[in-house]
Amino acid sequence: MKTTNRFNVIVAVAATILMGMFESSDAQLQMNFYAKSCPNAEKIISDHIKKHIHNGPSLAAPLIRMHFHDCFVRGCDGSVLINSTSGNAERDAPPNLTLRGFGFVERIKTLLEAECPKTVSCADIIALTARDSVVATGGPWWSVPTGRRDGRISKLAEATNNIPGPTSNFTTLQQRFAKQGLNLKDLVLLSGAHTIGVSHCSSMSERLYNFSTTVKQDPSLDSEYAANIKANKCKSLTDNTTILEMDPGSSRSFDLSYYRLVLKRRGLFQSDSALTKNSATLKMINDLVNGSEKKFYKAFAKSMEKMGRVKVKTGSAGVIRTRCSVARS
């Protein structure tokens with residue numbers, strides 16, 4: 001009898017250990033996490049976006065990009081928002097120098113602090129703002145479970161080494177997505193966010209003027225498209241200010257146009273072109289183009305939900321920063 005009881009105890013302990021091993025770090029994320037602690041939180045965010053997004057419809061793209069860049073460094077913990085007096089934070093890294101929307105997020109945080117002090121995390125604000133801004137401009141809706149907590153560490157080097165940049169080749173893209181637990185399907189679908197928004201010549205001018213030691217222009221870029229950009233937009237390698245649509249003619253519509261352009265070798269970035277270099281991702285793009293917008297929206301939503309759970313801090317991990325730009329607040 002004693003032997004049986006001892007065996008049962010060992011089995012129970014082993015089961016507990018295994019459950020702990022396989023329990024996801026996002027286990028405490030849940031829909032309507034603030035229902036009791038700050039019941040109006042999500043409405044405050046949504047109302048602020050509805051009130052202001054039409055004055056700056058191009059803001060949806062930077063906000064979803066901010067969410068992406070936040071999650072790829074130390075998980076979705078709001079660390080991309082932190083300011084550094086020494087210029088050594090994530091937002092000082094090359095991939096983040098063109099990020100916009102910091103003030104917009106901080107204003108929402110101020111509203112929430114007035115309503116429910118020290119309750120709603122900056123990380124959750126980023127996740128909800130990304131979703132609601134896309135929806136406000138006619139794009140897809142996706143579930144955003146909340147309960148993320150904020151980090152206090154923000155390092156330039158980590159952002160540089162983890163965020164896929166516009167010049168990334170396929171190997172780099174695959175490796176950096178895999179590091180976050182994201183697969184090739186997620187890579188293709190999340191790249192679809194390039195269907196809205198703009199970029200700068202500095203993100204792609206090397207494709208036009210200084211691609212390699214042997215060729216000046218990227219041969220994988222459609223020559224007619226390249227000539228048009230050279231003539232009307234990026235007239236020199238040193239142009240760092242001129243704005244380009246990532247999905248010309250459709251940059252305010254969340255649709256399949258981006259993928260059609262990629263197949264025509266008219267994706268703006270090397271990272272767009274890289275998606276056609278692998279047979280699996282190329283097939284995924286063709287399947288999306290031949291499918292419906294509704295199907296794309298559904299698949300995109302799943303990948304956004306998955307990305308929003310990357311290495312989140314919940315429960316007793318992390319903090320609730322009272323000012324998103326200040327680490328110790």
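This is a predicted model: local features need pLDDT of at least 70, side-chain atom pairs count only at pLDDT 80 or more; totals for chains, interfaces and linings use all residues.
I'm counting two cysteine sulfur atoms within 2.5 Å as a disulfide.

**Disulfides**

I searched the whole structure and got 4 disulfides. I began with Cys 71 and Cys 76, which are joined with an S to S distance of 2.0 Å. The torsion about their S-S bond comes out at about 115°, so I logged this disulfide as right-handed. Cys 71 has 1% relative accessibility and counts as buried; Cys 76 is buried too, at 1%.

Next I looked up Cys 38, which is joined to Cys 116 at 2.1 Å, S to S. That link is right-handed, with 80° about the S-S bond. The two ends are 78 residues apart: Cys 38 is in the loop between H1 and H2, Cys 116 in the loop between H4 and H5. I have Cys 38 as buried at 1% and Cys 116 as buried at 8%.

Then Cys 201 and Cys 234, with sulfur atoms 2.1 Å apart. I got -90° about the S-S bond here, a left-handed link. Cys 201 lies in the loop between S1 and H9 and Cys 234 in the loop between H10 and S2, so the pair ties together parts 33 residues apart in sequence. Both are buried: Cys 201 at 0%, Cys 234 at 0%.

Counting bonded cysteines along the chain, I wrote the pattern down as 1-4, 2-3, 5-8, 6-7.

**His 194**

I checked the UniProt record, an unreviewed entry, and its "binding site" annotation covers His 194. I found His 194 in the loop between H8 and S1. Is His 194 buried or partly exposed? Partly exposed, because its relative accessibility is 21% and buried means under 20%. Leaving aside neighbours within four places in sequence, I noted contacts of His 194 with Met 246, Asp 247, Tyr 258, Phe 269 and Asp 272.

Terms used
Residues are numbered from 1 along each chain as its sequence is written. Side-chain values use heavy atoms; hydrogens and water are left out. UniProt positions are given in the numbering used here, feature names are shortened, and annotations may be inferred rather than shown by experiment. Helices (H or I, at least four residues) and strands (E, at least two) are DSSP runs, numbered from the N terminus. Buried means under 20% relative accessible area, exposed over 50%, partly exposed in between (1.4 Å probe, protein chains only). Contact means heavy atoms within 4.5 Å.
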